[in-house]
Amino acid sequence: MSELIPLSAPDITHAERQAVADVLSSDRLSIGPRIEAFEAACAARAGRKYGIGVSSGTSGLHLCVRSLGIEEGDEVVTTPFSFIATTNCVLFERAKPVFVDIDPESYNMAPGAAEAAITERTKAMLPVEAFGNTAHFDAYERIARQRGLAMIEDCCEALGGVLGDRPAGNFGDCGVFAFYPNKQITTGEGGMIVTDDPAVRDLCVSMRNQGRATEAWLSHARLGYNYRLSESNAALGLVQIGRLDEILASRRRAAALYDQALGKLADAGLIHMPTMIHRDKASWFVYVIRLADRFTQTDRDAVLAGLRAAGIGCNNYFVPIHTQPYIMDMLGTKPGDFPVTEHVAARTLALPFFAGLAESQVERVAEEVARMLTCSGP
Ligand SMILES: *Cc1c(COP(=O)(O)O)cnc(C)c1O
């Protein structure tokens, strides 16, 4: 079999390895200078005053929910077309995720549907930049402001992206980035809250560190967690964010290679290209194509199986959250509730995508996709 092409791969250089080794030779393995520097770099990138480093994107979202006072019974308007953590962070606090369908052009929550879903119990909006696409974030922010709602931006897939002249992470009360190894930059595991609100910042700083009130290590002011980010993770992140523009440029280059290689399939009406806006400045998280409407989920799954058999990493981003079994049990949702989300989710597939992707690899993937769609399609 020919060479395997992974779905994703981190972009780690000697500088990252050295920075982590330096931490291991120091006497500060947690709560030290690297986390502060990494926080400042992420806040600057989001045009925010404060960054709060945490153990994951999920823990960052949870702390945002808590620090905005979202409680049992409160409704949070969000998208079913996302990674599961977007919904889980609301459920952790026994608040109620209220799903609204997505816009078929952007795959982000449809702004009109979001506004229509607001009730007197709605406390917040929690939109997501699906695959890094920043579309509609100005509209969500306007709606949240007009209706007196809090807004958390789940920008875990959008670090470095822009909407007009505003960076991802700049919308609403607070935003959260994530640094799992498949994200644009990684800390192994890690996340970052960004905000301009000093009260949110203080609460997040306390709650990530066991609810500590002050420097007094055994004085606890509130219920807290251990959601800290270690110095070695932060050191890795600090080098990575210093390289962010370079990494994003490589990813845009990889996306442009795919745009070129798959254009014929789109022209032939076999696939829809990724929906990303601001393509020349975008932050690409994954490269996701959608099969034409006449294909079924079974056809899509056959393409995934065919690609995998050919040694090509791929995945079905996302399974709609409202169709996950435990979510159906907890919230009473069911297939059919959000037809646009389900139509899109049945036909999308993520192709191998990372900074060092070679033109020859892109060509091999495109040939395999073409072969699957023209030989076995309807
Ligand atoms: C990656 C991601 C998260 C958080 O992931 P962690 O694995 O907890 O760091 C949250 N939301 C979205 C949309 C994501 O893609």
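**Interface between the two domains**

The chain of this predicted model divides into domain 1 (14–100 + 107–243) and domain 2 (245–376), with bounds from an automatic or database domain assignment. Over C-alpha atoms, the domain centres lie 26 Å apart. Domain 1 brings 34 residues to the contact and domain 2 brings 33 residues; contact means heavy atoms within 4.5 Å.

Residues are numbered from 1 along each chain as its sequence is written, and side-chain values use heavy atoms, without hydrogens and water. Local features need pLDDT of at least 70 and side-chain atom pairs pLDDT 80 or more, whereas totals for chains, interfaces and linings use all residues.

The two domains bury about 3,000 Å² between them, 64% of it on carbon and sulfur atoms. Buried area is the accessible area (1.4 Å probe) that two parts lose on being put together, summed over both. Y107, F131 and R243 supply 25% of the area that domain 1 buries against domain 2.

R45 forms a salt bridge with D245. Their closest N and O atoms are 2.8 Å apart.

The side of domain 1 that touches domain 2 has 16 nonpolar, 13 polar and 5 charged residues. Here Ala, Val, Leu, Ile, Met, Phe, Trp, Tyr, Cys and Pro count as nonpolar, Asp, Glu, Lys and Arg as charged, and the others, Gly among them, as polar.

Key. A salt bridge is a side-chain nitrogen of Lys or Arg within 4 Å of a carboxyl oxygen of Asp or Glu.
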